[in-house]
Amino acid sequence: MPNPVLVKRKVLFGDCDPEGVVFTPRFSYFVVEAVHDALGVWLEGPGLKTLLGFDLLPPARAFSLEFLHPVTWDDELTMTVSVSNVGLHSFSFSVEGRIAPDVLAFTANLTQVCISPGTRKVIEVPAQLRKLLQCSGE
């Protein structure tokens with residue numbers, strides 16, 4: 001798998017409830033945006049646009065999130081994004097979000113399935129994409 005990518009993001013006031021704690025649904029945005037940023041590094045271009053260049057649509061098939069520590073307004077999130085699996089029709093990422101080097105705030109897993117834009121049917125992960133997502137990163 002390619003080397004993990006670190007993505008930093010400042011928690012904005014609009015991400016939070018009136019008490020300054022991040023709204024639960026915002027974490028899904030944090031994860032998807034971090035995955036897109038990591039894809040940009042691994043695919044050497046704008047993440048989602050480059051992924052769509054493989055003639056596929058990548059909807060989420062599965063998403064899980066575990067909250068481990070509160071995240072609040074003005075926190076600096078450092079998310080580590082890794083490719084965790086490349087299957088026949090899908091690929092998966094793991095994301096760890098930290099608010100300090102020693103404070104793990106959340107973990108997430110996102111699986112995207114490959115869909116043909118023309119037929120809307122499941123297709124295999126394109127060979128070139130598979131190669132990029134499985135590379136050693138060395």
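This is a predicted model: local features need pLDDT of at least 70, side-chain atom pairs count only at pLDDT 80 or more; totals for chains, interfaces and linings use all residues.

Me: How many residues does the hairpin between E4 and E5 go through?

Reply: The hairpin that joins E4 to E5 passes through two residues, and within this pairing Glu96 stands opposite Thr107 in E5.

Me: And E3 with E4, parallel or antiparallel?

Reply: E3 and E4 pair in the antiparallel sense, with eight bridges between them, and the hairpin joining E3 to E4 runs through three residues.

Me: Which residue in E4 does Val81 stand opposite?

Reply: Val81 has Val95 of E4 opposite it.

Me: Switching topic, which residues touch the most other members of the largest nonpolar core?

Reply: That core holds 34 residues, and those touching the most other members are Trp42, Phe91, Phe106 and Leu129. At least two residues of this core come from each of strand E1 (5–10), helix H1 (26–42), strand E3 (76–86), strand E4 (90–100), strand E5 (103–113) and helix H3 (127–134).

Me: Which element gives the most to this core?

Reply: H1 does, with eight residues.

Me: Back to Trp42, then: what does Trp42 touch, leaving out residues up to four places away in sequence?

Reply: With those left out, Trp42 touches Pro2, Asn3, Val5, Val81, Ser82, Val83, Phe93, Leu132 and Leu133.

How values were computed: Residues are numbered from 1 along each chain as its sequence is written. Side-chain values use heavy atoms; hydrogens and water are left out. A nonpolar core is a set of buried Ala, Val, Leu, Ile, Met, Phe, Trp, Tyr and Cys residues joined through side-chain atoms within 4.5 Å. Buried means under 20% relative accessible area, exposed over 50%, partly exposed in between (1.4 Å probe, protein chains only). Helices (H or I, at least four residues) and strands (E, at least two) are DSSP runs, numbered from the N terminus. Contact means heavy atoms within 4.5 Å. Two strands pair if DSSP finds at least two bridges between them.
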